[in-house]
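The exercises below are meant to be worked through with the sequence and the 3D view side by side. Each one sets a task and then walks through a solution step by step.

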Amino acid sequence: MSVLTRDEAQTRAQLLDVHHYRVDLDLTTGDETFGSRSLIRFTARAAGDTFVELKPETLRSALLDGEPLDVTTLDGNRLPLSLTEGEHTLRVSTTMRYSRTGEGMHRFTDPTDGESYVYTQLFMEDVQRVFAAFDQPDLKAVFELSVKAPEGWTVLSNGITEQQPDGRWQAAPTPLLSTYFVCVAAGPWHTVRTEHAGLPFGIHCRRSLAAHLDADADEILAVTKACYDRYHEKFDEPYPFDSYDQAFVPEFNAGAMENPGLVTFRDEFVFRSAVTVTERQTRAMVIAHEMAHMWFGDLVTLRWWDDIWLNESFAEYMGYQTVNEACSDLFPDTWIDFGVTRKSWGYEADQRPSTHPVAPDPEAVPDTASALLNFDGISYAKGASALRQLVAWLGEKDFLAGINIHFKRHKFGNATLADFIDNLAAATDRDVHAWAERWLRTTGVDTLTPRLEGEGTQWRLHVDRDGSRPHRIAVGVYDRQPDGELALRERRELDVPQEAPAELTGPRPALVVLNDGDLTYAKLRFDEVSQESVLRGLSRIPDPVTRAVVWNALRDMVRDGELAPADYLAVALAHLPEEAELALVQGVLGFARTQIADRYTAPEERPAALATIGEIARALLRRTEDGEEPGLRLTAVRACVDGATTPDKIASWLDEGTVHGGPELDPELRWRILARLAVLGATDETAIAAELERDPSATGQEGAARCRAALPDPEAKAAAWSALFDSDDLSNYLFTATAQGFWQPEQADLVREYVPRFYEAAVALGDRRGPAMAEAAGRYAFPAYAVDADSLAVGEAHLADDTMIPALHRKLVDQLDDLRRALRVRG
């Protein structure tokens with residue numbers, strides 16, 4: 001299959017105006033394939049040769065202006081066209097294959113009740129798996145979809161759908177859309193409908209999740225309506241589509257997809273088991289993120305994929321900011337969670353060899369395969385951080401004024417980085433172009449360190465910068481009180497680099513925190529006195545955002561080899577049991593468990609690290625015995641399970657169906673415990689099968705696959721490996737679950753023989769199953785716990801394989817860099 005290059009897209013955009021698609025889908029032809037017919041009306045500005053893209057199981061026929069084309073000329077995914085100047089119609093009739101990888105038209109049969117569902121995910125170049133198209137974002141057109149579906153199904157699409165007398169479902173014509181936004185979701189959906197601001201709103205899930213969606217419907221719809229209203233206060237352009245549906249679909253690869261009028265979400269957001277408020281907040285943020293795309297991405301779309309950050313960074317920033325503003329009664333401060341979870345994603349991505357600018361040069365994104373690699377922590381978290389810094393520097397009024405100019409000038413069209421910066425510049429006297437060059441066209445993370453000079457009550461604060469970006473930051477100056485509290489003396493804004501040192505009056509502060517409030521994107525360090533205050537008194541800092549900034553700094557110091565992993569755990573043990581902010585507890589425990597204990601700590605020291613994590617978790621359990629902090633208690637229970645080194649306690653919980661003092665074990669906790677017992681060799685196939693009979697849902701199937709792969713038995717490992725790499729029977733989710741169970745730090749000797757086998761197996765899998773499965777293999781099936789020089793050498797040798805598809809190569813580059821870092825930290 002040929003990937004589309006930027007040059008080819010530019011040439012085709014100069015040749016064609018695409019006006020209208022009529023797409024007819026037949027979903028009644030069986031479980032493996034579906035029928036697809038498309039009629040495309042377009043204009044050629046001059047005579048010339050071009051092509052239309054499609055990836056059919058069978059190309060039945062193609063007619064250009066009524067004349068049949070030779071279907072044998074289909075070359076991979078390209079059907080050549082020779083055009084005269086003027087108007088044209090192209091009719092293509094195909095049989096297409098359903099996907100089990102979350103790409104194209106994904107088909108899923110629910111093991112709970114046997115009902116089947118299909119939905120499209122057409123991002124980047126997967127529309128070609130569903131119908132023939134001129135597949136590039138700047139050839140927008142009107143789409144009319146008609147779908148023949150089995151009896152009892154409901155069909156959802158970008159516009160309002162109606163069932164016709166012949167049983168087909170007809171969707172209303174869309175405004176001008178890029179091809180990758182077209183969406184169909186069909187099946188016997190459970191639906192909750194309402195109306196808001198004169199528009200129909202709906203939320204949908206598979207029938208087996210109906211009770212769980214109903215339980216959360218009020219919250220989901222309240223968040224949706226609040227964000228909708230807030231965006232209408234921010235944006236001059238009204239919501240541009242005829243309805244707003246949100247479908248929670250099975251086995252979805254991303255968090256969600258911003259299809260206009262029909263946003264698709266992974267249906268783990270329909271919670272089957274107890275969750276914490278931060279997990280509900282994440283769902284709210286994703287709702288707000290995808291809604292922001294209705295304007296930035298859907299109404300105004302990138303011209304080529306080098307500007308994907310324009311979509312994702314903006315939606316990421318707006319998602320957090322808008323939930324913070326519109327849903328503060330439910331979620332008091334979303335930026336804490338952003339700082340401790342999402343932002344670290346950006347920092348880590350930006351320090352790898354694969355880093356790239358937020359806005360890469362067009363030449364760096366020559367084709368769709370390279371563009372797919374940029375959906376990472378840089379395009380999302382770093383880009384959102386850059387925009388937050390821009391708002392701090394520019395002011396929100398001017399920022400929104402520039403955004404509204406952008407929408408007005410380019411609505412239902414396409415725009416570039418240059419357009420965006422020009423439109424921001426039109427709303428301010430600030431030099432936005434220079435800001436963009438320093439922030440958006442560069443890579444890496446600046447490091448800011450405070451340095452104090454003086455004595456007595458007169459001090460001068462210097463901010464040393466290792467890097468090149470300008471920063472607008474707040475500096476928090478704290479004094480230690482007699483009770484140990486670190487009280488804020490003052491917070492002042494500074495520009496870095498400084499024109500002159502900041503003058504401080506009063507005794508030498510106990511703590512100076514740069515980037516207090518977390519408004520810029522930079523790694524932070526402490527002066528010697530401040531670092532001692534942090535280690536002794538982190539939990540006594542009053543502001544949770546400031547504590548998040550400090551925890552992130554400590555995390556970075558561990559990763560950079562400046563703070564020993566054991567010292568980080570000691571700080572966590574000293575301060576986490578007193579932490580009131582749930583997002584911080586979850587973030588710190590997550591880093592401690594998955595990075596420090598599992599990767600940064602040598603095998604002989606790992607039991608002590610797990611013991612410390614267990615001690616923190618038990619302290620949190622004692623603190624929450626009164627039932628007043630259920631989210632914190634759930635977090636502590638999860639940490640106890642995941643870090644258990646002996647099976648007795650957690651096995652007793654599973655046998656009794658409850659944790660003493662609560663909570664009762666729901667399906668998520670039961671599978672979590674059983675997975676840990678499998679790792680410890682304290683369960684077997686009989687117990688796994690019994691649990692699967694108790695919970696035969698799709699999530700239960702994944703839990704069983706994870707447990708079976710985790711059993712410390714050579715035959716179990718061989719069976720899991722064969723399922724992963726020797727056949728293509730596993731769906732994307734079952735593949736991920738199996739891979740998650742396979743590699744365990746406790747089982748390093750048992751799986752050592754599979755480490756060198758991984759690379760050739762993953763390359764072959766990527767060739768057979770495509771980029772989504774290759775990315776899953778690189779992320780979840782990589783031998784991350786084989787932290788040794790031999791494993792690194794084996795991996796580096798395979799990076800020279802030029803047959804590896806780009807999605808896998810990029811993932812392995814990142815994984816091997818993380819492995820190098822783990823070795824350095826251990827050293």
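**Exercise 1. A buried arginine**

In which helix does Arg606 lie? Then describe the surroundings of this residue.

*Solution.* Keep in mind throughout that this is a predicted model.
- Step 1: Arg606 belongs to helix H15, which covers residues 606–623.
- Step 2: The relative accessible area of Arg606 is 9%, and because a residue counts as buried when this value is under 20%, Arg606 is buried.
- Step 3: Leaving aside residues up to four places away in sequence, the residues that Arg606 touches are Arg593, Ala597, Asp598, Thr601, Pro745 and Glu746.

**Exercise 2. Strand S2 and its partners**

Find the strands that pair with S2, and work out how many of the residues of S2 are buried.

*Solution.* 
- Step 1: Strand S1 (residues 16–26) pairs with S2 in the antiparallel sense, and ten bridges connect them; in this pairing, Asp26 has Gly35 of S2 as its bridge partner.
- Step 2: Six residues lie between the strands in the hairpin of S1 and S2, where Gly30 takes a positive phi near 125 degrees.
- Step 3: S2 also pairs in the antiparallel sense with strand S7 (residues 86–97), over twelve bridges, and here Ser36 stands opposite Thr94 in S7.
- Step 4: Of the twelve residues of S2 (residues 33–44), ten are buried, so the strand is largely enclosed by the rest of the structure.

**Exercise 3. A mixed sheet and the helix on it**

In what order do the strands of the five-stranded open sheet follow one another, and which helix packs on that sheet?

*Solution.* 
- Step 1: The order is S15-S16-S17-S19-S18, and the pairing in this open sheet is mixed.
- Step 2: The edges are formed by strand S15 (190–196) and strand S18 (256–257), each of which pairs on one side only.
- Step 3: Within the sheet, strand S17 (residues 244–249) and strand S19 (residues 262–266) run parallel and are joined by five bridges, with Ala247 standing opposite Thr264 in S19.
- Step 4: Helix H2 (residues 210–234) packs on this sheet, where H2 touches S15, strand S16 (199–205) and S17, and the direction of H2 makes about 25 degrees with that of S15.

**Exercise 4. Helix H12 between a sheet and a helix**

Describe the three-stranded open sheet, and then follow helix H12 from that sheet to helix H5.

*Solution.* 
- Step 1: The strands are arranged as S25-S24-S27 with antiparallel pairing, and the edge strands are S25 (486–496) and S27 (511–514).
- Step 2: From one strand to the next, the twist averages 20 degrees.
- Step 3: Strand S24 (residues 471–480) pairs with S27 over four bridges, and Val477 stands opposite Val512 in S27.
- Step 4: H12 packs on the sheet and touches S24, S25 and S27, its direction making about 85 degrees with that of S27.
- Step 5: H12 (residues 544–559) also packs with H5 (residues 334–349), at an angle of about 25 degrees and with their axes 9 Å apart; since angles under 35 degrees count as roughly parallel, H5 and H12 are therefore roughly parallel to each other.
- Step 6: The crossing of H5 past H12 is right-handed, and the residues that meet there include Gly339 and Tyr347 in H5, and Ala548 and Arg555 in H12.

Definitions and conventions
Residues are numbered from 1 along each chain as its sequence is written. This is a predicted model: local features need pLDDT of at least 70, side-chain atom pairs count only at pLDDT 80 or more; totals for chains, interfaces and linings use all residues. Side-chain values use heavy atoms; hydrogens and water are left out. Two strands pair if DSSP finds at least two bridges between them. Helices (H or I, at least four residues) and strands (E, at least two) are DSSP runs, numbered from the N terminus. Contact means heavy atoms within 4.5 Å. Axes are lines fitted to C-alpha atoms, for helices over the stretch in contact, and angles run from 0 to 180 degrees between N-to-C directions. Buried means under 20% relative accessible area, exposed over 50%, partly exposed in between (1.4 Å probe, protein chains only). Angles under 35 degrees count as roughly parallel, over 145 as roughly antiparallel, 65 to 115 as roughly perpendicular and the rest as oblique. A crossing is left-handed if the near helix is turned anticlockwise from the far one by less than a right angle, and right-handed if clockwise.
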